[in-house]
Amino acid sequence: MHTPLCCHAVGRPVDYAAHALKVGLREIGFSDHAPMPRDDFDDWRMKSSELDEYVEMVREAQRDFPQLSIKLGLEVDYIPGYENWIRDLAARHPWDYFIGSVHYVDEGWDIDNPKKLSHWKQHDPDEVWELYAARLTQAAASGLFESIGHMDLAKKFCIYPTKPLVPMFDTFLRTAAAKGVAIEINTAGLRKDCREIYPSQSLLKAAAAAGVKIVFGSDAHAPEEVGLNYTEALQAAKLAGFLECQQFSSRNTSSSAITFR
Ligand SMILES: [Zn+2]
Ligand SMILES: [Zn+2]
């Protein structure tokens with residue numbers, strides 16, 4: 001879940017927490033877009049100097065809602081070459097978890113950015129998807145993250161590869177399983193053009209077969225998006241054969257049984 005510091009989300013963590021209680025969640029986690037070394041890297045993340053303010057906002061929600069478990073995390077962009085920066089971020093606060101997300105397939109192209117849709121027209125979708133999957137594999141292998149965000153984000157604008165999807169992510173899934181890195185069942189995809197949870201059901205089934213663990217996420221950018229479509233996420237997990245999900249505390253991972261309702 002996000003905060004206004006990333007410049008494209010609304011509502012304070014206390015508002016997200018209040019909504020979480022309203023919809024019956026017992027645990028939530030904040031994972032706003034982590035800063036990059038250069039504040040002008042792009043226009044959709046907090047500045048480096050705002051990291052302490054972010055942590056304080058989450059602490060405020062923890063203080064105001066002691067009946068709710070609220071985890072402190074970050075959604076960190078995985079771009080090869082930034083590993084030391086990510087380690088530096090990790091050392092700055094007592095985080096519960098880092099989500100490693102690939103948005104950038106090169107430094108100038110965040111593939112989910114609607115302002116850069118023209119880039120898609122200049123590239124072969126198969127190549128973009130393959131590059132995306134390769135970066136996910138690197139992220140999973142890096143040891144820098146507890147989970148990997150929206151593994152098929154490349155489908156956001158309904159631009160699909162001609163090659164079959166599942167084999168494309170095989171190396172990634174095997175790496176994630178071997179490294180004990182979870183993937184998200186992220187419902188934000190339902191709110192995008194692709195109108196589908198990240199990842200698709202076929203990839204989720206392949207993840208279960210590979211022994212990859214899961215976490216649930218709404219990727220909320222507004223309080224009313226907290227827990228949105230959770231029922232569909234549970235259904236997707238059940239259909240793929242998952243019985244448990246992961247929880248993160250102080251950058252340690254534990255499993256708990258999924259309560260299907
Ligand atoms: Zn965002
Ligand atoms: Zn993301």
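## The enclosed cavity

By the rule used here, the count comes to one cavity of 30 Å³ or more. A cavity is a set of points, on a 1 Å grid over the protein atoms alone, where a 1.4 Å probe fits but cannot get out, and lining residues have an atom within 4 Å of a point. Grid points are joined across faces, edges and corners, and a volume is the space filled by probe spheres set on the points. The largest cavity holds about 30 Å³ of space.

Its lining is made of Ala34, Pro35, Met36, Val76, Asp77, Tyr82, Trp85, Ile86 and Leu89. By class, that gives eight nonpolar, no polar and one charged residues; here Ala, Val, Leu, Ile, Met, Phe, Trp, Tyr, Cys and Pro count as nonpolar, Asp, Glu, Lys and Arg as charged, and the others, Gly among them, as polar. Both β2 and α3 (83–90) supply at least two residues of this lining, and α3 gives the most, with three residues.

## About the model

This is a predicted model, in which local features need pLDDT of at least 70 and side-chain atom pairs count only at pLDDT 80 or more, while totals for chains, interfaces and linings use all residues. Residues are numbered from 1 along each chain as its sequence is written, chains are lettered from A and ligands numbered from 1 in the order in which they are written, and side-chain values use heavy atoms, with hydrogens and water left out.

## The two zinc sites

Let us turn to the metals. The zinc ion (ligand 1) is coordinated by His8, His33 and His221, each through NE2, at 2.0 Å. Donors are N, O and S atoms within 2.8 Å of the metal (3.2 Å for Na, K and Ca), and sites may look incomplete because water is not among the atoms. Along the chain, the donors of the zinc ion (ligand 1) follow the spacing H-x24-H-x187-H. His8 lies in the segment before α1 (13–22) and His33 in strand β1, so this pair ties together parts that are 25 residues apart in sequence. Helices (H or I, at least four residues) and strands (E, at least two) are DSSP runs, numbered from the N terminus. His8 is partly exposed, with a relative accessible area of 37%, whereas His33 counts as buried at 4%; buried means under 20% relative accessible area, exposed over 50%, and partly exposed in between (1.4 Å probe, protein chains only).

The zinc ion (ligand 2) has Glu75 (OE), His103 (NE2) and His150 (NE2) as its protein donors, lying 2.0 to 2.2 Å from it. Their spacing along the chain is E-x27-H-x46-H. Glu75 sits in strand β2 (residues 69–77) and His150 in the loop between β6 (147–148) and α6 (165–168), a pair 75 residues apart that links distant parts of the chain. Glu75 and His150 are both buried. The zinc ion (ligand 2) and the zinc ion (ligand 1) are 5.7 Å apart.

The loop between β6 and α6 also holds Asp152, which is buried, with a relative accessible area of 0%. The side chain of Asp152 reaches the backbone nitrogen of Ser200 at 2.9 Å.

## Sheet and hairpin

Six strands form an open sheet with parallel pairing, in the order β1-β2-β3-β6-β7-β8. β1 and β8 stand at the edges, each with a single partner strand, so one side of each is left without a neighbour in the sheet. Two strands pair if DSSP finds at least two bridges between them. β7 and β8 pair in the parallel sense over four bridges, and Ile183 stands opposite Ile214 in β8.

β9 and β10, for their part, pair in the antiparallel sense over six bridges. Cys245 has Ser256 in β10 as its bridge partner. The hairpin of β9 and β10 has two residues between the strands, and Ser250 there takes a positive phi near 50 degrees.

## Open pockets

A pocket is an open set of grid points with protein on both sides within 12 Å along at least five of seven lines. The largest pocket holds about 890 Å³ of space. It is lined by 39 residues, and the closest to its centre are Glu27, Ile28, Phe216, Gly217 and Tyr230. Elements that give two or more residues to this lining include β1 (27–33), α9 (230–240), β9 (244–249) and β10 (252–257). By class, the lining has 16 nonpolar, 16 polar and seven charged residues.

The second largest pocket holds about 440 Å³. Of its 22 lining residues, His8, Asp112, Lys156, Lys192 and His221 lie nearest its centre. Its lining has five nonpolar, seven polar and 10 charged residues.

Methods:
A polar contact is a pair of N or O atoms within 3.5 Å; within protein, one must be able to donate a hydrogen and the other to accept it, and residues adjacent in sequence count only if both atoms are side-chain atoms.
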